[in-house]
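Try each task before you read its solution.

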Amino acid sequence: MADPIQLDPEATPAGLRERLFLHETLSPGFPQYNRDDALRVMWFIRQVLANRVAHPRVFGLRSPQTEASIITDPRQFPGFEGYPHLDSGSMANVYQCVLLANAPHDRRQAAYRQHVVDAITVATAAGIPADQRVPTAGGWKRHGTPSPGPKFQFYRSLQGNDYYTTPLS
Amino acid sequence: MSIILALTLASAAVADTRWQNIAHTPGFPGWRTAIRDHVQRSARHRINHLCVVVGRDATPGGSATAYVYWPEQRRIELLSQANDPVLSQELFAQGPIYLDRDIIGEHGQTGLSPTSVTRAWVHQLVSRCRATGTRLTIVKKR
């Protein structure tokens with residue numbers, strides 16, 4: 001039996017990223033789930049965070065910013081403003097993934113375990129691999145809701161969200 | 001037992017290429033049951049008046065999203081299109097838009113949050129839902 005899998009501690013940057021990825025990515029329980037797409041989404045989010053930290057003014061933010069200050073800003077990631085306390089919906093998304101990843105008698109375990117491993121891998125990687133890099137990644141919106149604004153250009157739809165790029169200068 | 005009264009405004013069903021009645025849109029298997037179950041799980045009020053409408057991308061073959069306007073809960077739920085019958089709650093693939101949190105302005109930028117929208121967008125959605133959508137009244141079980 002595989003060892004139980006755990007997210008990094010809540011107070012660490014990796015732990016915060018992992019929870020955000022699991023919250024914002026469709027999990028294997030959904031029929032639209034596709035592992036490659038889930039990974040693309042996680043890497044895209046990671047690039048967005050890096051861009052908002054490096055170019056806060058482009059995103060209308062005061063500088064300096066940290067990943068933690070961005071993720072816990074309710075204007076950017078609602079549901080995470082009280083982190084490490086998450087609202088009930090966000091909490092359910094995240095912890096159901098971990099619960100199923102550690103449920104040896106559940107037929108979904110392997111897929112969920114891989115999903116959680118992917119979130120940890122993307123959160124803890126030293127950098128973004130070349131084939132996942134979207135240098136101007138700017139943000140994403142729920143599919144069917146308006147664009148973030150005129151400076152944002154539609155990039156692609158994945159997993160029920162629309163992803164946008166934006167010039168960084 | 002829930003009492004569901006559904007009034008389908010069939011005459012306006014597909015009057016607009018962008019907005020459609022969910023009953024005429026493939027890809028939302030068991031949507032009525034999914035919404036009923038979701039209301040039973042989440043509702044804070046006993047009587048709930050919902051309106052469901054589908055928005056389809058203008059591009060050929062574009063995907064469709066079903067919007068469930070739920071004023072008593074102060075939210076708009078988003079339902080994803082699925083090709084196969086699924087467990088009801090799996091249609092709710094994305095978190096809702098909270099009307100008291102996610103409306104951030106009238107015009108221009110809608111903001112960096114994945115769920116932020118403008119008041120004008122919400123007004124348009126509700127208006128199209130009233131014209132084209134399906135209204136449901138769902139009573140939460142005690």
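**Exercise 1.** How many residues does the largest nonpolar core have, and which of them have the most contacts inside it?

*Solution.* Keep in mind that this is a predicted model. Start with the count: the largest nonpolar core has 36 residues. Next, look for the ones with the most contacts inside this core: they are A:Phe21, A:Met42, A:Ile45, A:Cys97 and A:Ala119. Now ask where the core comes from. Elements of chain A that give two or more residues to it include helix 1 (13-24), helix 2 (35-54) and strand 3 (161-165). Helix 2 of chain A supplies the largest share, eight residues. Apart from this core lies another one, of 27 residues, with B:Val39 and B:Ile76 among them. As background, nonpolar side chains tend to be buried together in soluble globular proteins.

**Exercise 2.** Find what A:Cys97 touches, leaving out residues up to four places away in sequence.

*Solution.* With those neighbours set aside, you're left with A:Leu22, A:Ser27, A:Tyr112, A:His115 and A:Val116.

**Exercise 3.** Describe the build of chain A.

*Solution.* First, count the elements: chain A has five helices and three strands. Then read along the sequence, and you get α-α-α-α-α-β-β-β. Now check the size. A compact globule of 169 residues would have a radius of gyration near 15 Å, so the 16 Å of chain A agrees. Along its principal axes, the C-alpha trace spans about 50 × 30 × 30 Å. Finally, 40% of the 169 residues of chain A count as buried.

Methods
Residues numbered from 1 in each chain as written. Chains lettered and ligands numbered in written order. Predicted model: local features only at pLDDT ≥ 70, side-chain atom pairs only at ≥ 80, totals over all residues. Helix = DSSP H or I, 4+ residues; strand = E, 2+ residues; numbered from the N terminus. Rg over C-alpha atoms; globule rule 2.2 N^0.38 Å. Buried ≥ 20, exposed ≤ 12 C-beta atoms within 10 Å, placed from the backbone. Core = buried A, V, L, I, M, F, W, Y, C linked by C-beta atoms within 7 Å. Contact = placed C-beta atoms within 7 Å.
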